[in-house]
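User: I would like to learn how to read helix packing in a model. Could you take me through it feature by feature?

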Amino acid sequence: MDESDPVGSTDRAAPRGRPRRRRGPDDMPIEEMAEALKERVYATFTGLAIVLVQHENADHISAGRATLTLLVGIVAITAAGFVADVISHLVAHGDFPRGHELGRMVRVAGSALGSASIPLILLVLAVLGVFELQAALTAASIVYIVTLALIGYVAVRRSRLAWWEQVVGLGMLVLLGLAVVGLQQLAHGH
C-alpha cells in the first residue's frame, strides 16, 4: 500500500476521522490563512495598545494626531511583518523572494492593515466632529477587544478539544491576551 499523500487527499492521521483542510476560503492555502491571521492578531494588539495609551492622554492630543498615530503604528507593524518574512526567506533560501512567494508575503503582511479599518473610521469621525475623541478611542478599544475575543473564540471552537478543554483554552487565551495588553501598557508607562 502506497503511504504517500497525494495532492487533494485527506490526512489519515486526523483525529476523529475528520479530514484536514488543505485550502481555506477563496482557495487560499491554509498556511497562508494562518499567517495572515497571525499578522492581524499582531496588528490588533498593536492597535489596541495605541488607542489605550491615547485614551489615557486624550485631553492632550487632537483627533487628527490620534488618527495619524494609529495609522502610522499599523503601517509600521505591517511593514515589520513583511520585512521579517523577507529576511527569514533570505536566510532559509539564500535568495530574495520572487513571484508567487513575494505576492504571498505582500498579501499576508497587508492583511494586518484590515485590523485598523473600523478604529480608523471611528477616529476620522472624531476628526470630523461627529464624536468626541475620548468616545472614539473608547469605541476603537472596544472594537479591538471584541475582535481579539472573537478570534480566540473561533480558534477554540474550531479545535477538536472536548467542550471543557475549549472553555479552559479560551480562559487561557483571555489571560494571555490580558497579559500582553498589560505589558504593552507598562511599556508605555501607563
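User: Where is the place of Q134?

Analyst: Q134 sits in helix α5. Note that this is a predicted model.

User: How many helices and strands does the secondary structure of the protein chain come to?

Analyst: The protein chain has six helices and zero strands. Read from the N terminus, the order of elements is α-α-α-α-α-α. Of the contacts with a separation of 6 or more, 62% join residues 24 or more positions apart. Buried residues account for 30% of the 190 residues.

User: How do I read a helix pair, and at what angle do the axes of α1 and α5 cross?

Analyst: Start with the axis angle, where over 145 degrees counts as roughly antiparallel. Helix α1 (residues 30–56) and helix α5 (residues 133–158) have axes that cross at roughly 150 degrees and come within 9 Å. That angle is why α1 is roughly antiparallel to α5. The crossing of this pair is left-handed.

User: Which residues in α1 meet α5?

Analyst: On the α1 side they are L37, V41, T44, F45, G47, L48, V51, L52, Q54 and H55. Their partners in α5 are Q134, L137, T138, A140, S141, Y144, I145, T147, L148 and I151. Sorted by class, this contact of α1 with α5 holds 12 nonpolar, eight polar and no charged residues.

User: How many residues apart in sequence are Q134 and H55?

Analyst: They are 79 residues apart in sequence, while their C-alpha atoms are 6.2 Å apart in space.

User: Now to the next helix. Which residues in α4 are buried?

Analyst: One general idea comes before the list. An α-helix has 3.6 residues a turn, so residues three or four places apart point the same way. In helix α4 (residues 117–127), the buried residues are P119, L120, L122, L123 and A126. These residues lie on the same side of α4, because they cover an arc of only 160 degrees around the axis. The cover over these buried residues includes α2 (63–93) and α5.

User: How does α4 meet α5, and at what angle do the axes cross?

Analyst: The axes of α4 and α5 cross at roughly 175 degrees and come within 9 Å. The two helices are therefore roughly antiparallel to each other. From α4, I118, P119, L122, L123 and A126 meet L133, A136, L137, A139, A140, V143 and Y144 of α5. By class, that contact has 12 nonpolar, no polar and no charged residues.

Methods: Residues are numbered from 1 along each chain as its sequence is written. This is a predicted model: local features need pLDDT of at least 70, side-chain atom pairs count only at pLDDT 80 or more; totals for chains, interfaces and linings use all residues. Side-chain values use heavy atoms; hydrogens and water are left out. Axes are lines fitted to C-alpha atoms, for helices over the stretch in contact, and angles run from 0 to 180 degrees between N-to-C directions. Helices (H or I, at least four residues) and strands (E, at least two) are DSSP runs, numbered from the N terminus. Angles under 35 degrees count as roughly parallel, over 145 as roughly antiparallel, 65 to 115 as roughly perpendicular and the rest as oblique. A crossing is left-handed if the near helix is turned anticlockwise from the far one by less than a right angle, and right-handed if clockwise. Contact means heavy atoms within 4.5 Å. Ala, Val, Leu, Ile, Met, Phe, Trp, Tyr, Cys and Pro count as nonpolar, Asp, Glu, Lys and Arg as charged, and the others, Gly among them, as polar. Buried means under 20% relative accessible area, exposed over 50%, partly exposed in between (1.4 Å probe, protein chains only). The arc is that of the directions from the helix axis to the C-beta atoms.
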